[in-house]
Amino acid sequence: MNIGIIGLGDMGRLYAKAFAKAGYQVCGCDLPQNRQKLEEDLSGFQIEILDNGTEVAAKSDLLIYSVEAEKLEQVVALSYQAIKPNAIVAGQTSVKSIEVTTFEKYLAPDVNIITFHAMHGPGFEPRGQKLILIRHRSDDEAYQRMLDLFTKLGTDVVELPDYHEHDKIVADTQAVTHVGFESMGTAWKAAGFFPWDNASYNGGIDNVKILTTLRIFSYKAHVYAGLAILNPYARQQVKRYALSESELFKLMIMEEEKTFRERIYKARDFVFHESRKLIMFNDQVMKDFSLADSNMHPKPNSHLSILSMVDAWYHLGVNPYDNLIAQTPPFRLRLGIAEYLFKNEDLLEESIETALYDKTIRGDDLEFHSAVREWSSIIGYGDMEGYKKHFNDVQTFFADRLEEGKKQSAELIRRLMMD
């Protein structure tokens, strides 16, 4: 099977190499100005670099569009007429509703539409990682070829029957997850400090928060902007997260302890019901991965970001454990630390008391509250450029530690997944 990839960015190159190493004939293209760099990077893999998408489409039995979701239709419109009869066409974006709408608009009826979504970033090899496969329109033989392809790569294939289900789940596992960590980064930037220099962020849960935030900001803004703004289900879920955070923050500053406690416990009992199969993060592993001075004595933290997420899951009626079928590493980390907090009575009590009565962290919580509202507004307005600018500003603030955070978070993920 000849595989063609239009768009050889980070993920396109990753999968082009994986397909080539698995023995497939691979060709691809990207923007003309990237050609020399691509040829240097891919020279040892026998991957053919072509001039444009039309040439790639004409050679491919499986054609994969690995481009930004907002640019997908423009790219398909330039290349669809060259697609071979009975070929398989797939997309590698995080928003499948846009892919399916675009493919149905342009592709001939005999073209098979079997799209997929790798639930990891370019920092991980495909082997062992979750990959969602969605059979939208195809014959049995074509679908089997796709299953065989990803089985050969060693991916953990999750088959979903419908692209709507994918987008609903991914709104939680990616869009809202990213907003939570992006808001933390934005809050720390606005407060003017690095969290590893602050005693309130020196502990196992906070180590995970910090490293995951750095990991997210080590990648490109357009990846997160597209899945947050273009996913039709993301705005509702992000809005609910922002509302949960705002309502909890108001109860905190009014010190409405009874109402606050009732709300937290009600959310806990729904999300972490005894029937759930828990993740059970290793406490020592979380403590091992710290960027802080080892002599710094930790202070209590309200963990408002986590309380808000669990409250939002409750109000949305979402069981996050069900969404593990489409988990990303940041989502598993987020659910894992939420579980760790809410299943530890003493730690949850400390968090509640800190949220209500510890004025020394109230300023940080205010910055987080403002950051969540900013991100929610940007996504609500559908402001793609505003999202990218906001993201890049925070990325610049953390620039000197992003590479270290990326490496440590990868090792943290590996260690926690092993336990």
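Mentor: Gladly, and keep in mind that this is a predicted model. Among the elements that each supply at least two residues to the lining of the second largest pocket are α8 (204-217), α12 (283-288) and α15 (345-357).

Trainee: Why is the space lined by T177, G180, F181, M184, Y241, S305, I306, M309, R334 and I337 called a cavity?

Mentor: A cavity is a set of points where a 1.4 Å probe fits but cannot get out, whereas a pocket is an open set. The space you name is the second largest cavity, with about 70 Å³ of space, and the count comes to three cavities of 30 Å³ or more. The largest share of its lining, four residues, comes from α7.

Trainee: How is the lining of that second largest cavity divided into nonpolar, polar and charged residues?

Mentor: The lining of the second largest cavity has six nonpolar, three polar and one charged. Arg counts as charged, so R334 is the charged residue in that list.

Trainee: How do you know that both faces of strand β5 (residues 88-91) are covered?

Mentor: Buried means under 20% relative accessible area, and I88 and A90 on one side, like V89 and G91 on the other, are all buried, so both faces of β5 count as covered.

Trainee: What makes strand β4 (residues 62-65) and β5 a pair?

Mentor: Two strands pair if at least two bridges are found between them; β4 and β5 have four, in the parallel sense, so they qualify. L62 stands opposite I88 in β5. On the other hand, β5 and strand β6 (residues 112-118) pair in the parallel sense over two bridges, with V89 opposite I113 in β6.

Trainee: Why is the unit of β5, helix α5 (residues 96-106) and β6 called right-handed?

Mentor: With the strands pointing away from the viewer, the path from the first strand over the helix to the second has to run clockwise; β5, α5 and β6 make a right-handed β-α-β unit, so their path runs that way.

Definitions and conventions:
Residues numbered from 1 in each chain as written. Predicted model: local features only at pLDDT ≥ 70, side-chain atom pairs only at ≥ 80, totals over all residues. Heavy atoms only, no water. Buried < 20%, exposed > 50% of the residue type's maximum accessible area, 1.4 Å probe, protein only. 1 Å grid on protein atoms, 1.4 Å probe; cavity = no way out; pocket = protein on both sides within 12 Å on 5 of 7 lines; lining within 4 Å. Points joined across faces, edges and corners; volume = space filled by probe spheres on them.
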